[in-house]
Each structure stands twice: as C-alpha cells, then as structure tokens.
Number of protein chains: 2
Amino acid sequence: MVFGNMGQNSGTGVAFTRDAATGEDIFNGEYLIDAQGEDVVAGIRTPQQITKEGSIRWAELAKVTEEDRAKNFPSLEEVMPAIYKELDDTQQKLEDHYTDMQDLEFTIQDGKLWLLQTRNGKRTGAAMVKIAMDMMKEGMINKKTAIMRVEPNKLDELLHPVFDGDAINAAKVVAKGLPASPGAATGQVVFHADEAEDWVADGKKVVLIRIETSPEDLAGMNVAEGILTARGGMTSHAAVVARGMGKCCVSGAGGVKIDYKARTLTTDGVVFKEGDWISLNGTTGEVYEGKTGTKEAELSGDFSELMKLADKSARMKVRTNADTPHDSTVAREFGAVGIGLCRTEHMFFGEGKIQAMREMILAEDVEGRKLALEKLLPIQREDFEGIFEAMHDLPVTVRLLDPPLHEFVPHEDKGQQEMADLMGISLADVKQKVEDLAEFNPMLGHRGCRLGNTYPEISEMQARAIIEAAINLKKKGINTHPEIMIPLTGTVEEMKMQEDIVRTTAEKVIEEQKERVEYMVGTMIEIPRAALTADEIAKSAEFFSFGTNDLTQMTFGYSRDDAGKFLPVYLEKGILKVDPFQALDQTGVGQLVEMAVKKGRKTRKNIKLGICGEHGGEPSSVEFCHKVGLDYVSCSPYRVPIARLAAAQAVVRKKVEKKAKKAAKKG
Amino acid sequence: MVFGNMGQNSGTGVAFTRDAATGEDIFNGEYLIDAQGEDVVAGIRTPQQITKEGSIRWAELAKVTEEDRAKNFPSLEEVMPAIYKELDDTQQKLEDHYTDMQDLEFTIQDGKLWLLQTRNGKRTGAAMVKIAMDMMKEGMINKKTAIMRVEPNKLDELLHPVFDGDAINAAKVVAKGLPASPGAATGQVVFHADEAEDWVADGKKVVLIRIETSPEDLAGMNVAEGILTARGGMTSHAAVVARGMGKCCVSGAGGVKIDYKARTLTTDGVVFKEGDWISLNGTTGEVYEGKTGTKEAELSGDFSELMKLADKSARMKVRTNADTPHDSTVAREFGAVGIGLCRTEHMFFGEGKIQAMREMILAEDVEGRKLALEKLLPIQREDFEGIFEAMHDLPVTVRLLDPPLHEFVPHEDKGQQEMADLMGISLADVKQKVEDLAEFNPMLGHRGCRLGNTYPEISEMQARAIIEAAINLKKKGINTHPEIMIPLTGTVEEMKMQEDIVRTTAEKVIEEQKERVEYMVGTMIEIPRAALTADEIAKSAEFFSFGTNDLTQMTFGYSRDDAGKFLPVYLEKGILKVDPFQALDQTGVGQLVEMAVKKGRKTRKNIKLGICGEHGGEPSSVEFCHKVGLDYVSCSPYRVPIARLAAAQAVVRKKVEKKAKKAAKKG
C-alpha cells in the first residue's frame with residue numbers, strides 16, 4: 001500500500017501490546033510522521049517511539065539529550081495525544097479480544113487513525129514465558145492455555161548464553177553448519193583439545209576447531225567456549241557431548257577446510273589462524289569472524305512458575321542423561337527427577353583412568369583383563385558414588401560399557417609407546433592389538449552387551465562397582481536407586497546372560513557387605529530386533545529404555561557420523577521432512593517403539609518404560625512418547641525444562657483432542 | 001556289550017541294505033569272525049565282506065589275489081551260507097518294513113544269527129538321491145516321500161569338487177575357519193589377486209590367501225582353486241563371491257596370521273610360504289597341509305529326475321543371483337528360471353571399466369560425472385545385453401548401483417597416480433577425494449539409492465543402459481524381461497524419486513528407439529524401515545525383493561564383516577542357535593519380512609515378492625519364504641538345486657501338517 005504525502009498530522013507505525021523482547025506489559029512501538037508504511041519496516045528513516053515512556057528510554061540508550069528528543073524525536077503520545085489515546089484504547093481491546101500479545105500496523109491520515117492489521121506478535125523465549133504467565137495471572141487465559149502458549153524449543157534461548165547487543169548483527173557470517181548445541185560463543189581459534197586446556201589455563205577464551213571430535217577431546221571440549229566441527233551431524237560425538245555440557249556447538253560445517261598441520265581454518269576465502277578470534281551461534285549454526293560479546297542467561301521467576309505448572313499437568317517424568325556429579329547437579333536444578341542414562345564409558349576418559357582401561361583392553365587373556373579390571377573397580381565405584389550422591393533419593397540408570405574397545409586405545413605412537421612401557425610389551429604388540437580391534441563398521445560391531453557377553457568379567461566389575469557404591473552410600477545414610485542397564489540387547493539370551501552376571505555379582509557383594517540395596521536390571525531397546533522380540537526380552541528385563549539414536553541408525557540404516565553426505569540433500573529435496581536424528585521418525589522408528597511398548601507390557605505389566613535418546617528432549621518426540629505410554633523421557637541437562645513443558649503440552653493436547661472428538665460426536 | 005570267545009562259527013558285523021556311498025541296491029557290509037562287536041567299528045582288525053560279490057570287489061581295490069582272498073578273507077556268504085541267507089532275507093524284510101535303507105548290527109553265536117540293531121542308514125548326498133529315486137521307482141515310497149527323503153543341503157556334495165580318495169584322511173589339519181563355500185581345493189599359496197592371475201597364466205594351480213577380499217580381488221578369486229581368508233564371516237565378501245562362483249572358500253580362519261610383506265601364512269606353528277601347497281575343504285572349513293587330489297562332481301540322471309519332481313511340487317520359483325553371462329548360463333543349467341539379483345557394481349571391476357567408474361566418482365561436478373557416465377553407458381549396455389541374452393525369455397532383476405563409492409577408488413599410490421594422470425589433476429587432489437569418501441560405517445553410509453538420489457545422473461545412465469540393451473535384443477528377436485531394482489530404499493519418497501528417474505529415462509529411450517519393451521520398477525527390502533513402511537513403498541514399487549543379508553545386519557545391528565569377533569562366541573555359548581547370516585532368523589528378521597509381505601500385498605494385490613539374500617538358498621529359510629507367501633527365492637547358481645528341492649519340501653511339509661491337523665480335529 002502506498003501513501004501520498006500526508007502532511008504534519010499524518011504518519012504510520014507498528015506497535016506491540018507488550019514488549020516483544022522482555023514480555024513486560026508495556027504498550028510500545030514506533031512511528032514515522034509523514035511517511036510511507038514501508039519506511040518504518042525497512043528502517044530507512046529513524047522512527048520515533050509511540051509512548052513518552054518508551055521515547056525517554058530510547059533516548060537514554062541512543063544517548064540523545066531530553067531537549068533534543070523532545071524537539072526532534074517526540075513520541076506519538078506527545079505529538080498527537082488524542083490519536084495516541086485512541087490507539088492505546090484500541091490495542092487494549094484487541095489484546096483482550098485475542099487474549100494474546102498483538103502486533104499492530106496503523107496509519108494516521110489527516111488526523112484520523114486507521115488500523116491496517118493486527119496479529120499475534122512474535123516474541124523472544126523470555127517474552128513468551130513472561131507474557132503467558134502474566135496473562136494467566138491477569139485471568140485472561142487459563143492454566144492450560146498458558147502451558148500451550150510457550151513453544152518448548154524457545155525455552156532453550158533462556159538456558160544458554162546469548163550474544164550481547166547488536167555487535168553480532170554487524171559481524172560477518174563466514175560459514176554455516178548445523179545448530180548442534182545452542183548458545184553463543186566467542187573465543188580464539190585452537191585446533192587441539194590439549195592446547196585448548198593449555199590456553200584456558202593461561203586465562204584465554206578458546207573455540208575448539210576439529211574435523212570431528214572423539215572421546216579423547218572431552219577435557220578440551222569442556223574448557224572451550226564453543227566447538228566447531230567440519231564433519232558430523234546433529235548427533236555426532238561433538239553435538240551430543242556439547243548438548244550434554246550445555247555448550248555451544250556448530251557441527252558439520254561442510255564448507256570449512258581444516259588443516260591441522262598448518263593450523264588453519266579456511267572458509268569461503270577467509271583464513272583463520274590459531275589464535276584468531278571467531279564466534280559461533282549454536283542456535284542458528286552461523287559462524288562469525290571476530291570477537292563479540294556474550295552474556296549468560298538468567299532464569300526468571302516466571303520460568304520456574306511455568307515449570308511447576310507443567311509438572312502438575314504432565315504424566316511423564318523427565319530424567320536426564322548425565323555422566324558426572326556436576327551434570328547431575330545441573331540437571332537436578334533444571335528439574336530432572338533422575339538419571340535416565342549414565343554412560344559409564346565417559347568415565348574412563350578421566351585422568352589416570354584411561355591407562356587402566358587400556359591395560360584391560362590390551363590384556364593378553366582373561367587373567368590380564370581381570371588384573372586391569374581390579375584397578376578400574378575403585379575408580380568406577382568412586383565415580384558412581386559421586387553421581388549417586390548428587391542424585392540421592394532419585395533413580396539412576398547406569399548403562400554398562402557400550403562403545404567398541406577401539407575407541408579407547410591410543411592411535412598415535414606416543415600413546416602406544418606409553419602403553420607398551422606400562423605393560424612391558426613391545427610397541428609392535430600394542431600396534432598389532434590396536435589394529436586387530438579396528439572394525440569395518442564399528443557401529444555394528446563388537447560393542448554393547450556383545451562385550452559383556454564375550455568378556456563377562458567387564459560386566460562383573462561394573463556390577464560390583466555399582467552395588468558397592470550404593471552400599472557405601474547407604475551406610476552413610478544416603479538413599480540410592482540404581483537401575484543397571486544392558487546396552488545393545490538384540491536377543492533375550494543376551495539379556496539373560498547379562499542379567500545373570502549382574503544379579504550373581506550383586507548378591508555376592510550384598511552378602512560380603514552384609515547390607516542389602518535394591519536395584520533393577522533392564523535393557524536399552526536400540527536394536528530393531530530387540531523391539532521385535534520385546535515380549536521375550538521383557539521376561540528378563542525389568543525396564544526398557546529406548547535408545548532412539550541407535551534405533552534410528554539401524555532402522556534407517558544411517559550412520560549418524562556419515563549421514564552428513566546425504567541427509568542435507570535429502571532434506572533439501574524433501575525426501576525427508578525432518579532430520580530423523582532430531583525429531584523421532586514416528587512412521588518408521590515409532591512403529592518399533594510402539595510395538596516394543598505393547599509387547600513389553602504384555603509380558604510384564606508393570607515394566608518401566610523410558611527413552612534416553614536425544615529425542616527425549618525434542619517436543620514432538622516427547623509428545624509421541626506420551627502417546628505410546630512411556631513412563632519417562634530422559635535428555636541432556638539443558639533440555640530438561642523443554643521436555644518438562646513438552647510432556648505437559650502432550651497431556652493438554654490429548655485432552656483438547658478428546659474434547660473435540662466428543663463434541664464432534666454430539667454435533 | 002561284550003562277547004566272550006565264540007569259536008569258529010561265531011562272528012559279528014555291520015551291514016547296509018544298499019550302498020551308503022553310491023546308493024546302489026547292493027546288500028553289503030563287513031564282519032569279523034570270532035570278534036567282539038566293538039572291534040568291527042573300531043577298525044582294530046581288518047574286517048571281511050559279507051557278500052561274495054563285495055569281497056571280490058574289495059580284493060581288487062586292496063590288490064589281494066583271489067587265492068589269498070578266498071583263503072584268508074572269505075565272505076560270510078562263503079563261510080556260513082545258511083547264516084548269510086538268513087541275514088539277506090532279514091535285511092530285505094527290514095528295508096521293506098521301514099521303506100528306507102537300513103544299517104544293521106548283528107552277531108553270530110554258535111551258528112545262530114542275532115540281530116542287535118537296525119536303523120535308517122547314513123549316506124552320502126549321491127546315495128541319498130539315488131536311494132530315494134530308486135525306492136520311488138520300485139514303488140516302495142511315493143513321490144512326496146521321495147522328495148522328503150533328500151536333505152537339500154546334502155545336494156551340495158553333488159555339485160562341487162570333492163577330495164579324491166583317502167589321501168585327505170592322512171593330511172594334517174592345520175587350521176579351521178568357516179565353511180564359507182563348499183567343495184575341495186588344492187593349490188599353491190599366493191597372497192595377491194594379481195599374482196594369482198599370473199601364476200595361473202603360467203599353468204599353476206593356486207589357493208588365494210587374503211586377510212579379507214575386496215572387489216579388486218575378483219579376477220584373482222575367479223582363477224584360484226580356492227580362497228582362504230583370515231577375517232570375515234559366512235557372508236563376507238569372500239564368502240558371498242565364492243559361493244556365487246561355486247568356488248571353494250574357507251573364511252574367517254581367525255587362528256591364522258597373514259603377513260603380506262613376508263608372504264607367509266602362519267598357523268599353529270606351521271609357516272606356509274608363497275608357493276607351498278595347501279588344501280581347503282570348503283564344506284567343513286578345514287585347512288590341510290600339502291597337496292591332495294580332487295575330482296569334479298558329476299550330476300547323475302537321478303539328480304535331474306529328482307529336480308523335475310521337485311519343480312512339479314513347488315509353488316515358489318527359483319531364480320539365481322548372477323552378474324555375468326557365464327554365471328547366468330551355469331544357473332540356468334541348474335534350473336534357475338530367472339535372475340533375482342544382478343549386481344551392477346560387479347560389472348565395473350572388469351578390465352578398462354574401472355577407470356571410467358573412477359573418473360565418474362572423482363569428477364569435480366555433475367558435468368564431469370556426466371562425461372564419465374557417457375563412457376560407462378556402452379560398457380554397461382553391453383554387459384546387460386550379455387546377461388539378458390543368456391537369460392532370454394526369463395526375468396532379470398537388475399539392481400542399480402549399491403555399494404559406497406569408496407569401494408571403487410584406488411587406495412594405493414600407483415592407482416591414484418594413474419587416475420591423476422588420466423584426469424589431468426594432481427595426486428594430492430585424488431588423495432583428498434579418496435579420503436573424503438572414507439566413512440566411519442560404510443554399511444550405513446552413502447550407498448544404495450542414496451547415491452542415485454544425490455547423483456541422479458548415475459541412475460539415469462543405468463536405466464538407459466538397461467532399456468537400450470533390452471531394445472537392441474528385441475530388434476534381434478530376443479525376448480527380455482528386465483526388472484529394475486532400487487537398492488536400500490528406506491522411505492517411499494526415496495523410491496518415488498528413483499522410480500521417476502527410471503521411468504522418465506526409459507520412456508525417453510523407447511521414444512528415441514521407436515521400440516517398446518516392457519519393464520518393471522521395484523525395490524529391495526533390506527532396511528528395517530522399508531519393511532515397516534512397506535504399504536507406503538508398495539505404492540511406487542511393482543515388486544519387493546528381500547535383501548535379507550542387509551536386513552539381518554540392520555535388524556541385529558551386526559556388521560557381517562565384523563561379526564567374526566563375537567558370533568563364534570555367541571554360537572558356542574548358545575546365545576544364538578544358528579548364525580543368522582546362514583539361516584534366516586524367523587523370530588526377528590522374519591517378522592519384518594512377514595510384515596512387509598502383508599503390507600505390500602495390502603497396497604498392491606499382485607505385487608511380485610522374492611528374496612535375494614544368501615538365505616534364498618538355505619532350506620529352512622526357503623521353507624519360511626514359502627510359508628509367508630513369497631513368489632520366488634533367488635540364490636547363487638550352485639544353490640539353485642538346493643532351493644528347488646527345499647521349495648518342494650515346503651509344500652509337502654505344509655500338506656502333511658494340514659493333514660495332521662485335520663486328523664487331530666476328527667480324532
């Protein structure tokens with residue numbers, strides 16, 4: 001729409017019934033006197049504020065004197081008080097009518113106000129929460145509506161650091177990857193995890209750049225501000241670990257070339273050398289040149305009230321995936337009511353632990369393995385004590401060793417020589433053993449309970465460490481609820497054999513210590529065959545936890561580490577609507593989940609059912625889990641609030657659907 | 001049972017109502033005068049023949065003169081004619097009663113015959129066929145019984161070379177691997193495929209020894225007498241290819257150490273150097289030191305009659321997996337009525353073809369790929385013409401390109417330099433591209449229709465080659481029935497996009513050539529998700545072919561190349577009853593097959609259903625395929641007769657079950 005020259009008592013503007021950035025109940029907006037409608041939106045001229053209060057605030061930020069402001073940038077309230085009064089009345093009516101924050105477009109022609117459009121206004125995550133809770137308190141909307149008003153994924157914005165101010169708008173985007181873990185990060189470029197540690201020890205802020213990350217990089221990832229990888233999808237090692245840490249990560253930035261030797265990152269003609277500043281937006285996947293400011297997020301009272309409201313509505317519980325006392329504590333603060341997945345393998349990468357683990361793997365025979373396992377036992381026990389204590393009174397699902405052993409052994413000469421010296425064997429022997437462990441498709445190889453069934457002594461040690469930890473804490477008056485989880489079960493026989501080992505060991509420890517603790521034994525359902533034969537497996541398993549990352553990998557036949565080569569094309573061409581590693585594929589993978597739920601419950605009525613894949617924190621997947629009747633979802637600490645809200649929304653949505661059906665029947 | 005000293009007119013022996021080795025209807029057996037029962041079995045003393053005819057035959061083979069024989073080794077018939085007469089009458093009565101060849105134990109005490117035991121006798125594959133067919137012709141058993149009397153797997157003995165004579169019994173077993181492909185082989189040890197070719201060109205017989213084989217080894221495997229690998233299971237590359245070739249193969253012989261540099265094979269202390277003689281038994285997995293004689297198997301008239309009988313009973317058709325005119329012809333001779341799986345990738349490894357393929361893979365962009373594809377087009381077309389002609393009038397299912405591209409590129413400097421020169425790019429560029437193609441889990445990576453959907457020009461070229469070949473043959477008056485098969489489909493959208501490419505290309509060719517040929521477009525069902533969503537996929541696919549190798553890999557989460565690390569332990573501990581790559585896992589994988597059959601037929605009533613995994617030639621799996629209602633099974637040429645018999649037995653067994661049920665109801 002084009003306006004002519006409308007004279008001094010004409011103008012055009014946009015307004016919000018509440019603050020779209022903070023959610024405050026303040027009428028606000030901008031207008032241009034004597035302007036064409038598009039000018040305001042396009043930002044060609046500096047617009048003026050609508051309210052006097054807003055105008056004064058603006059002047060302060062823009063460093064404009066009150067004199068200057070009143071003369072050159074007066075508010076609409078000051079310039080056309082009658083029109084302003086009419087606009088203010090109208091906005092209130094509109095908000096009351098639509099019971100939501102409105103985004104208005106208006107024009108003033110020859111002293112007359114014309115409303116061009118009104119619609120529900122877009123808003124930040126923080127505003128979304130505040131407006132929903134305020135409107136509920138004001139009695140405009142009921143509790144259910146308040147719960148439904150907040151987009152769960154938007155909560156993420158509240159939980160992570162964000163870029164501070166407008167500097168980021170000016171920064172140059174030099175690459176784009178996957179938004180693997182939300183938040184903002186700025187730091188100096190380093191290419192090696194151990195150097196990241198050194199630099200941070202020297203007081204520097206770093207962004208760790210890797211072609212891909214591996215468990216050996218954990219410590220470096222932990223101290224970095226953010227992580228950027230050239231390869232790997234949304235569920236690559238870097239992405240999963242970063243989300244677990246609540247750390248900003250951009251993964252699979254295919255356009256960047258990383259040269260470890262030259263220590264350079266080249267992207268789109270720009271070359272970053274070690275030490276150069278770079279910024280990452282893990283929420284959008286954008287990579288920026290240079291340094292920018294970031295600020296920590298704060299959780300408002302509204303947020304916590306919303307969460308309480310959600311918990312009252314939700315049927316499903318929300319647990320967390322955590323492997324350290326620190327993560328457990330963070331997750332508990334975010335409202336997790338237990339650990340749904342504690343990956344024991346992450347524990348082996350700590351200082352002094354990896355050597356014993358490597359000794360175990362490189363051992364010549366059972367006896368050698370047992371000796372090394374004896375060294376690992378106290379380490380594991382201590383780790384479990386820490387986590388169990390942080391999660392006192394709440395259930396903790398501990399998964400026995402899962403990844404292929406090849407992931408633990410040293411792949412470079414230095415580390416191999418170290419192991420040779422330590423074990424008194426030749427470097428060649430170490431090399432040979434490392435080579436023997438290599439697999440064509442490690443994802444489908446010698447891992448999970450296949451390890452525990454070929455090397456039962458490993459499961460034995462882990463079961464012992466768990467039960468001893470629980471007993472030690474019980475003696476200190478701390479309550480624990482360990483749930484021992486067998487990974488990668490595909491047949492009931494595998495499960496039974498592991499259950500036997502765990503129960504026999506546990507009972508032995510209980511007898512030794514003359515102290516009983518309760519524990520459960522269950523399994524991951526992450527192999528399609530496990531879902532297909534869940535009725536059999538439930539004879540042995542007291543609980544199922546759906547490992548939907550692996551289940552998605554096997555059901556689709558996609559390796560999450562390699563899918564970067566075709567998934568983007570598939571999404572672009574519309575072969576896939578969404579990345580199945582992000583949102584659970586309800587049509588395919590979901591069929592297996594539902595089948596396993598039904599078969600599991602048929603065999604064991606009160607079997608405990610949960611999900612511990614990445615999907616446990618994704619709203620549409622959480623809703624699916626509610627629908628098929630899971631008892632809980634488990635996700636990384638920083639997604640716990642999202643899952644709590646999604647679990648509540650699932651209940652509300654189902655109720656609404658039920659009502660609609662009823663009404664349709666009556667009608 | 002222990003006998004005392006029984007005097008001159010006492011003795012003990014075993015006898016067969018027919019010849020257990022050849023199946024001839026000749027009463028035969030051995031006895032010892034004045035002996036304890038166990039002596040005969042244990043072979044402590046040289047036993048004498050029961051019949052005079054047998055005795056004379058024996059003497060000839062043992063080079064004993066008639067005088068010596070008659071004096072020192074007379075037959076029972078000669079020594080105790082009355083007893084012999086009684087025994088002969090009894091054996092006939094027993095065989096008539098049990099209507100099967102009997103294995104008798106008897107003793108003679110003080111001139112009186114005592115029968116200790118009678119049971120159905122064990123026999124060779126050849127004897128099994130002959131006895132069944134003879135008894136049917138004699139009217140002792142009916143056709144159904146004749147069909148059921150032959151163990152399908154035993155037919156394999158008739159189809160492959162066997163060790164000649166007793167030399168093998170004396171040979172030392174030095175290692176044991178998996179019985180990957182049946183038959184006997186003896187040859188000189190070589191460690192590289194190209195050397196195998198050279199040695200054979202020099203008139204030598206070789207056994208190819210590899211840690212594992214890859215498609216690059218095909219030509220060498222083809223000329224070797226047999227193949228021995230240290231790694232890989234029953235469905236490793238070596239095993240699958242060898243079975244396809246009908247070539248003896250022992251795979252996954254974990255105990256052997258192969259040193260390519262030193263050109264040695266070390267096993268259990270024995271070191272084989274290049275050129276040393278070695279022998280393999282692919283039926284048992286045994287590896288022998290030294291050279292032994294082998295002889296080709298001959299197919300008797302009984303065999304062919306049995307096959308005709310089987311085909312009359314069977315409902316399912318039997319096709320073959322074949323990639324060359326030669327294999328197609330062999331399979332046709334074995335009774336295959338079509339090709340169920342023609343793997344186009346095998347064709348790319350021929351001379352002069354691999355370069356064009358590599359050019360295509362290493363090309364910079366679509367244009368470069370198209371140029372290389374233009375070179376591949378006539379090569380593919382010619383290959384298809386050869387196969388279609390060999391299979392004239394019968395359907396040929398051609399699978400579009402399936403394996404990850406990394407399998408085709410050169411991994412050594414020499415080959416990489418060759419490609420760099422050919423394409424006018426730097427060696428570093430070639431190396432970089434090869435590295436970029438590497439995947440963590442190639443099985444779950446960029447392969448199958450993921451290639452055809454990211455590089456549609458590949459599918460286009462292949463579709464064109466197929467249709468052009470069919471039209472060229474039609475112009476020569478040769479009838480073809482191409483069925484174009486999309487590999488690794490997981491979603492209906494993938495299938496639709498490929499179907500579009502194929503149909504559009506086909507119609508274009510038909511218009512260009514002004515000649516119409518009929519063709520079908522269908523898909524493999526080898527991804528669990530494809531089975532789960534088969535109703536959707538059937539909207540686009542005219543046929544399903546169950547790729548149960550990959551389906552087993554994904555459903556169990558087992559990589560067939562890596563499973564050697566835990567499968568043997570699983571079988572030993574009883575976690576698995578059988579290797580799921582050998583016999584279809586009916587409980588798990590079978591559920592998916594059955595589900596896909598039902599869903600597929602629901603959408604498309606007359607959808608054509610087959611299986612082309614290795615299981616298509618395994619009797620229990622063939623029976624399962626019959627039960628769930630597949631139209632055909634497809635297997636390697638040398639297993640076609642086995643599948644034909646198994647398909648007939650499935651029908652007979654179902655009829656028997658039905659009858660039994662009916663009887664039970666009446667009773």
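How many residues of chain B are in contact with chain A? In this predicted model, 54 residues of chain B touch 55 residues of chain A. In chain B, the residues that lose the most area to chain A are B:F440, B:L444 and B:K565, which together account for 14% of what that side buries.

The size of an interface is often given as the accessible area lost when the parts come together. Between chain B and chain A, the buried area is about 4700 Å², and carbon and sulfur atoms give 56% of this area.

Polar and charged groups also meet across this interface. Between chain B and chain A there are 30 residue pairs in polar contact. The side of chain B that touches chain A draws two or more residues from each of several helices, among them α19 (427-437), α22 (492-513) and α27 (589-603) of chain B. Sorted by class, that side of chain B holds 22 nonpolar, 15 polar and 17 charged residues. The rule finds 2 salt bridges across the interface of chain B and chain A. B:R529 forms a salt bridge with A:D585, and their closest N and O atoms are 2.7 Å apart.

How are the two chains related? Chain B is superposed on chain A by a rotation of 180 degrees with 0.1 Å of shift along the axis, at an RMSD of 0.1 Å. That is the relation of a two-fold axis. In chain B, the C-alpha nearest the axis belongs to B:N441, at 2.1 Å from it. The same surface serves both copies, since 100% of the contact residues of chain B recur in chain A.

Within chain B, one residue to look at is B:S540, in the loop between α24 (534-537) and β24 (543-546) of chain B. B:S540 counts as buried because its relative accessibility is 1%, and buried means under 20%. Leaving aside neighbours within four places in sequence, B:S540 is in contact with B:M495, B:K496, B:E499, B:V521 and B:R604.

Over all chains, the count of salt bridges comes to 92. A:D134 forms a salt bridge with A:K130, with 3.0 Å between the closest N and O atoms. Both lie in helix α6 (residues 125-137) of chain A, and because they are 4 residues apart there, about one helical turn separates them. A:D134 counts as buried at 12% relative accessibility, while A:K130 is partly exposed at 23%. A:K130 and A:D134 also belong to a network of salt bridges that links them with A:K137, A:D302 and A:E305.

The second pair joins two loops. The side chains of A:E274 and A:R263 meet in a salt bridge at 2.8 Å, N to O. A:E274 is in the loop between β15 (270-273) and β16 (277-281) of chain A, and A:R263 is in the loop between β13 (256-259) and β14 (264-267) of chain A, so the pair ties together parts 11 residues apart in sequence. A:E274 is partly exposed, with a relative accessible area of 29%, and A:R263 is partly exposed, with 28%.

B:D311 is partly exposed, with a relative accessible area of 37%, whereas B:R644 is buried, with 10%.

Conventions:
Residues are numbered from 1 along each chain as its sequence is written. Chains are lettered from A and ligands numbered from 1 in the order in which they are written. This is a predicted model: local features need pLDDT of at least 70, side-chain atom pairs count only at pLDDT 80 or more; totals for chains, interfaces and linings use all residues. Side-chain values use heavy atoms; hydrogens and water are left out. Contact means heavy atoms within 4.5 Å. Buried area is the accessible area (1.4 Å probe) that two parts lose on being put together, summed over both. A salt bridge is a side-chain nitrogen of Lys or Arg within 4 Å of a carboxyl oxygen of Asp or Glu. A polar contact is a pair of N or O atoms within 3.5 Å; within protein, one must be able to donate a hydrogen and the other to accept it, and residues adjacent in sequence count only if both atoms are side-chain atoms. Ala, Val, Leu, Ile, Met, Phe, Trp, Tyr, Cys and Pro count as nonpolar, Asp, Glu, Lys and Arg as charged, and the others, Gly among them, as polar. Copies are superposed by least squares on the C-alpha atoms of residues with pLDDT of at least 70 in both. Buried means under 20% relative accessible area, exposed over 50%, partly exposed in between (1.4 Å probe, protein chains only).
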